[in-house]
Protein chains: 2
Amino acid sequence: MEEFLNERFQEVLHCIIEEYIVTANPVGSKFIAGKCSLNLSSASIRNIMASLEEKGYIHQPYFSAGRVPTSSGYKFYINSILKTKKISKQQKEEIRSSFNISGRDIKKILWQAVHLLSEISHYMPIVLAPERTYANLLHIEFIKLDKSNLLVVTVFDGGIVDNKIIGADRDYTQAELSKYSAKLNEIINGHNIDELKDVILKGIDKDRESFFSLLNGIIFNFDLVKNKIENEDDYLYIGSRMNLFDEPEFSNYEKIKSLIKAFEDKKTIIKLLELAKQKEGIHIFIGSDTEWSDINGLSVITASYHSKKGFAEGSIGLIGPSRMNYAMAIPAVNYMAKLLCDII
Amino acid sequence: MEEFLNERFQEVLHCIIEEYIVTANPVGSKFIAGKCSLNLSSASIRNIMASLEEKGYIHQPYFSAGRVPTSSGYKFYINSILKTKKISKQQKEEIRSSFNISGRDIKKILWQAVHLLSEISHYMPIVLAPERTYANLLHIEFIKLDKSNLLVVTVFDGGIVDNKIIGADRDYTQAELSKYSAKLNEIINGHNIDELKDVILKGIDKDRESFFSLLNGIIFNFDLVKNKIENEDDYLYIGSRMNLFDEPEFSNYEKIKSLIKAFEDKKTIIKLLELAKQKEGIHIFIGSDTEWSDINGLSVITASYHSKKGFAEGSIGLIGPSRMNYAMAIPAVNYMAKLLCDII
DNA sequence: ATTAGCACTCTATATTATAGAGTGCTAATA
DNA sequence: TATTAGCACTCTATAATATAGAGTGCTAAT
């Protein structure tokens, strides 16, 4: 897919991108001539730049302006040129130790991941909560709210708790409900949602009619829990937007507005992170990629995280300008994903 | 506190504010002369305006510009001039019927209130979740997560559910926990958080040492629940910011940024709504009020809502430009608060 | 193959000019 | 005495113009 670029071309592209990342201003040939390791005059650089432009890696905003990297330019840079900085052991230790995991509350853990990544990167982190399909059910409890409403508390391993209010077909007493809860808990032990429907229907024989509606309620609930975490707030965690707004590309009203609008509807981001979840390791969406065409000028670095059992559980990402500091940001996301694997 | 203004002055102030609310541009004497019901020339209006300015109700951005209302101007307008529009019965019915309260999930209800108020008003609604201090406890349930962690589910009337993971002093079996849960539930029935500590300590005699740490855990939890809902997400609900950003006063980069910054930290808003909660009925914070000095140019209309039992439970608000359409917005907030009273 | 030199293009910024809205004051009017 | 027409004045917002400078592509020389 990607064309071969000789070393000289790569070096020039490299310089342009790294300079653009810092200044956000179009980069001129004179600057490159002075800065980059090739000892060439600005005129030669200009020739190379003209070539790079023809190949689509850089772009002139207008005649006789400097050059700005294109999406393909970034892509090539990331795939072939970029050397990411490793995070020092000391820094790793610092990050890990600032994770306060007392309580094992998944919500808090994810928020902490968001805040930490925000602090490290100065971009906008996003985290998708772990999938529950493969989570093992630990406990189900029915609690009476009133004559016609019951609360179903569903607890999965990893400290994931789901509350759901369902209607009751008749007026159960709490004692009854406790009995049914206990009965169910005997059966469900250690099964995941997918297996559960069968397990339950098999496990219950005689009592079936007596708490049929309860069963229906929770089975319906499983479907909901499995397919989508109902409340977006508990599904997608978004870090501070301020970091993005401080970037020069969003220093005008129209752009900032389009940005806010894009993030107000969380569906785009959710879709992206769900995509990332299915893939192993780091993935990067740049500028006008098909999966991420909504906002021009933004890139997203994503990584999936998963428990030690091995299947995909969730994903974490970092949204920044396309012009973002990939060398720093990629290992940051990567390390945070690893950390989540360890903790969850 | 507020000076007396004769009818003529009031009428001019009225015209200025209502015009400014619509156009967001300084209002000139000529326009007022043509528009308002007083049959006076622009020269006479100018005299009146000069007086109004001296009294502090209006203000000239610069010499020979039109006049803009000040905070005092708005205050006077709201207290003495404004005639709010009543919401038609038909509209009330529409709003009420679009409330989908199946499930009685408090979270969903509050979000719905936010979305509805946003739609009606085109400003930014905020809702503070009901206080739990006076909520009656319905049920407590201990659920085993693993050797050293327990989940405490606390259910209050009104469908409020609180999950909290606490450490265990030893390895309880689920059967044990269920027993303790049942025992506690016998005692707590119908008491509110404030009374609960005593009730529990009195109700448990012999078993006290056997599940002392559990008790400690939940009592500590009560304190948390009572004093503050730990997770801001479950406490404060904020509507779409877009409506605000569409207002002309925020059509420049600096202002929009200060606005975002102000809202990113939810504490200011929470403080305001907690203040509003303690007061009966509608309250309005304008521009540079001491309680709301953070953002110039914004006003907040607040109302407390409460269950039929009568004590304050929560509050709802609407943030808009000071230049907001109070005649429409005040009854909207008021009605929504009433609606919340009915539903909760 | 590389580069110095140069004319050229385009933007960004500052500068100036112009139009118009709104004022305060004064003198005339009812 | 209260009101108003008239007018000079102030200030902003917009447009028009000028200037500087950054960066280019091309050509001819090295």
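At what angle do helix α6 and helix α13 of chain B pack, and how far apart are their axes? In this predicted model, α6(B), spanning residues 106-121, and α13(B), spanning residues 326-343, meet at an angle of about 160°, and their axes are 11 Å apart. Since angles over 145 degrees count as roughly antiparallel, the two helices α6(B) and α13(B) are therefore described as roughly antiparallel to each other. Their crossing is right-handed. On the α6(B) side, the contact is built from Ile109(B), Leu110(B), Ala113(B), Leu116(B), Leu117(B), Ile120(B) and Ser121(B). From α13(B) come Met328(B), Ala332(B), Val333(B), Met336(B), Leu340(B) and Ile343(B). Sorted by class, the residues of this contact between α6(B) and α13(B) comprise twelve nonpolar, one polar and no charged.

Eight nonpolar, one polar and two charged residues make up the contact of α1(A) with α3(A).

Turning to chain B, helix α1 (residues 7-23) and helix α3 (residues 42-55) pack at about 85°, and their axes lie 10 Å apart. That makes α1(B) roughly perpendicular to α3(B). Arg8(B), Phe9(B), Val12(B), Leu13(B) and Ile16(B) of α1(B) touch Ile45(B), Ile48(B), Met49(B), Ser51(B), Leu52(B) and Lys55(B) of α3(B). By class, the contact of α1(B) with α3(B) holds eight nonpolar, one polar and two charged residues.

The strands of chain A come next. Five of them form an open sheet in the order β7-β3-β10-β9-β8, with antiparallel pairing. Its edges are β7 (236-238) and β8 (282-286) of chain A, each of which pairs on one side only. On average, neighbouring strands of this sheet are turned by 15° against each other, direction ignored. Within the sheet, β9(A) (residues 298-305) and β10(A) (residues 314-321) run antiparallel and are joined by eight bridges. Opposite Ile301(A) in this arrangement stands Leu318(A) of β10(A). Helix α13 of chain A (residues 326-343) lies across β8, β9 and β10 of chain A, and its direction is at about 25° to β9(A).

Another open sheet of chain A has three strands in the order β4-β5-β6, and the pairing is again antiparallel. The edge positions belong to β4 (137-146) and β6 (160-167) of chain A, each pairing on one side only. From one strand to the next, the twist averages 20°. Eight bridges link β4(A) with β5(A) (residues 149-156) in the antiparallel sense. In β5(A), Val155(A) is the bridge partner of His139(A).

Finally, the two chains meet each other. The size of an interface is often given as the accessible area lost when the parts come together. For chain A and chain B, the area buried between them is about 3,400 Å², with 60% of it on carbon and sulfur atoms. In chain A, the residues losing the most area to chain B are Ile165(A), Met242(A) and Tyr253(A), which together account for 16% of what that side buries. The contact involves 41 residues from chain A and 40 residues from chain B.

Terms used: Residues numbered from 1 in each chain as written. Chains lettered and ligands numbered in written order. Predicted model: local features only at pLDDT ≥ 70, side-chain atom pairs only at ≥ 80, totals over all residues. Heavy atoms only, no water. Axes fitted to C-alpha atoms, helices over the stretch in contact; angles between N-to-C directions. Helix = DSSP H or I, 4+ residues; strand = E, 2+ residues; numbered from the N terminus. Parallel < 35°, antiparallel > 145°, perpendicular 65-115°, else oblique. Left-handed = near helix turned anticlockwise from the far one by under 90°. Contact = heavy atoms within 4.5 Å. Nonpolar A, V, L, I, M, F, W, Y, C, P; charged D, E, K, R; others polar. Pairing = 2+ DSSP bridges. Buried area = accessible area lost by both parts, 1.4 Å probe.
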